[in-house]
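Subject: Structure handover

Hello,

Here is the structure for your files. My notes on it follow below.

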Amino acid sequence: MKLDTQYAIERTMELLDVDSPTGYTHDVGQMLMERLREMGFAPVRTRKGCVVCPLGGQEHPLTLAAHVDTLGLMVRQIKPDGRLAFTTLGGPSLQAVETENVTVITREGKRYTGVVELKNASKHVNRELDAEARSDATLEILLDEDVSNQQAVQDLGIAVGDVVCLEPRAKVTPSGFIRSRFLDDKLSAGMLLALAKGVACGEVRPAREITLFFSVYEEVGHGASAGLPQQTEDLIVEDMGCVGEGLSCREQQVSICAKDSSGPYDYAMTSELISLAKENGIDYAVDVYPAYGSDAGAALRSGMDIRYALIGAGVYASHGYERSHVRGVENTLRLIEAYVERPGN
């Protein structure tokens with residue numbers, strides 16, 4: 001295997017350490033630009049903030065895409081008692097958001113920590129605590145500041161529209177499990193950086209023209225609707241592989257998606273990926289995702305005439321506190337490597 005699994009995980013951890021909820025992605029984009037420039041590439045940023053990086057090669061252009069925007073929250077109201085009501089950025093599981101540590105970032109760049117709690121969250125006071133619904137109407141943010149009224153919060157510089165970032169809590173266990181929020185999709189972005197490193201070092205020799213595309217609005221549906229190279233013939237979206245009841249994928253595998261909620265992926269291209277996995281002894285699964293959409297759908301809705309496929313390392317507990325495995329990363333990298341070095345049609 002030519003691609004560096006450990007490097008992919010290191011870059012993933014670095015990306016996870018940068019707050020980047022949808023709409024607040026400048027810093028993570030800047031990190032991508034710096035890492036790619038260090039390798040000798042010439043990445044550019046679109047007006048929307050996506051990062052596009054040609055890796056070289058000739059003919060039959062292939063683009064590999066991942067997204068670096070994450071789920072998050074936004075201040076919706078400062079309540080009379082100094083607590084914050086919020087709206088969601090993307091679709092986080094609110095059951096998993098409850099009791100999560102957060103950081104509120106003001107327009108001036110000030111940062112304040114806090115925690116998400118249910119209203120009247122004391123078990124010894126609220127006998128109905130366990131039965132109450134969790135929603136953006138029943139959960140609220142408690143700031144780690146001595147504030148008890150609206151004016152005191154405003155005096156801190158906090159206002160409606162401020163971004164609220166959830167703590168990732170990233171770690172890799174001795175047994176190889178990777179646990180963190182936002183493995184969807186920073187784990188994939190880390191793997192694409194490993195591909196760039198492999199090409200830069202001459203370990204991987206693309207058999208066709210290759211471009212990396214990092215989108216920043218995938219979680220709200222329009223990530224790849226603009227900015228993909230117009231000459232793209234094939235698009236591989238690397239996003240999380242779903243793990244859950246009714247699906248065959250495990251965290252240790254690479255998942256190849258045959259269909260998601262927007263419809264089937266390109267039959268021929270998906271078949272090529274399956275054949276490569278078989279030929280190379282890659283541990284893989286083919287699944288249909290019941291509640292999923294990707295940047296491929298955004299690209300197609302924008303009118304691009306491309307073939308398109310979706311792969312990714314298996315991830316459990318999507319949009320919550322997610323879990324994958326080092327072997328899932330390795331199998332995904334092996335499939336990427338095999339496809340990139342395969343001549344185009």
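In these notes, buried means under 20% relative accessible area, exposed means over 50%, and partly exposed is anything in between (1.4 Å probe, protein chains only). By that rule Leu-129 is buried, because its relative accessible area is 9%.

Two remarks on the source. This is a predicted model, in which local features need pLDDT of at least 70 and side-chain atom pairs count only at pLDDT 80 or more, while totals for chains, interfaces and linings use all residues. Residues are numbered from 1 along each chain as its sequence is written, and side-chain values use heavy atoms, with hydrogens and water left out.

Leu-129 and its loop

Leu-129 sits in the loop between β7 (111–118) and β8 (139–143); helices (H or I, at least four residues) and strands (E, at least two) are DSSP runs, numbered from the N terminus. Contact means heavy atoms within 4.5 Å. Beyond residues up to four places away in sequence, Leu-129 touches Leu-118, Asn-120, Ala-121, Ser-122, Lys-123 and Arg-134. Asn-280 is 151 residues from Leu-129 along the chain, and their C-alpha atoms are separated by 52 Å.

The core

A nonpolar core is a set of buried Ala, Val, Leu, Ile, Met, Phe, Trp, Tyr and Cys residues joined through side-chain atoms within 4.5 Å. The largest one here has 101 residues, and Leu-64, Leu-195, Leu-212 and Phe-214 have the most contacts inside it. Helix α5 (residues 183–200) supplies the largest share of this core, 10 residues. In soluble globular proteins, nonpolar side chains tend to be buried together. Setting aside neighbours within four places in sequence, the contacts of Leu-212 include Leu-64, Leu-192, Leu-195 and Ala-196, and also Val-51, Val-52 and Cys-53.

Helix α5 also holds Asp-185. The peptide bond that leads from Asp-184 to Asp-185 is cis, with omega near 15°.

Thr-63

Thr-63 belongs to strand β3 (residues 62–67). Thr-63 counts as buried because its relative accessibility is 1%. Its side chain makes a polar contact with the side chain of Thr-232 at 2.8 Å. A polar contact is a pair of N or O atoms within 3.5 Å; within protein, one must be able to donate a hydrogen and the other to accept it, and residues adjacent in sequence count only if both atoms are side-chain atoms. Apart from neighbours within four places in sequence, Thr-63 is in contact with Thr-232 and with Thr-211, Phe-213, Leu-228, Pro-229, Asp-234, Leu-235 and Ile-236.

In the loop between β2 (51–56) and β3 lies His-60. The phi of His-60 is positive, near 45°, in a residue other than glycine. His-60 is partly exposed, with a relative accessible area of 26%.

Pocket and cavity

Both terms rest on a 1 Å grid over the protein atoms alone: a cavity is a set of points where a 1.4 Å probe fits but cannot get out, a pocket is an open set with protein on both sides within 12 Å along at least five of seven lines, and lining residues have an atom within 4 Å of a point. Grid points are joined across faces, edges and corners, and a volume is the space filled by probe spheres set on the points.

The largest pocket holds about 420 Å³ of space. It is lined by 29 residues, of which Met-240, Ala-291, Tyr-292, Gly-293 and His-319 are the closest to its centre. β14 (241–243), α7 (295–301) and β18 (307–316) are the elements that give two or more residues to this lining, and the largest share, four residues, comes from α7.

The structure has one cavity of 30 Å³ or more. Among the residues lining it are Leu-16, Asp-19, Cys-165, Phe-182 and Lys-186.

The loop between β18 and β19

Gly-320 is in the loop between β18 and β19 (322–325). Gly-320 is buried, at 7% relative accessible area, and is 8.3 Å from Phe-182, C-alpha to C-alpha, though 138 residues away in sequence. Ala-317 lies in that loop too. Ala-317 is not a glycine, yet has a positive phi of about 65°; at 28% relative accessibility, Ala-317 counts as partly exposed.

Regards
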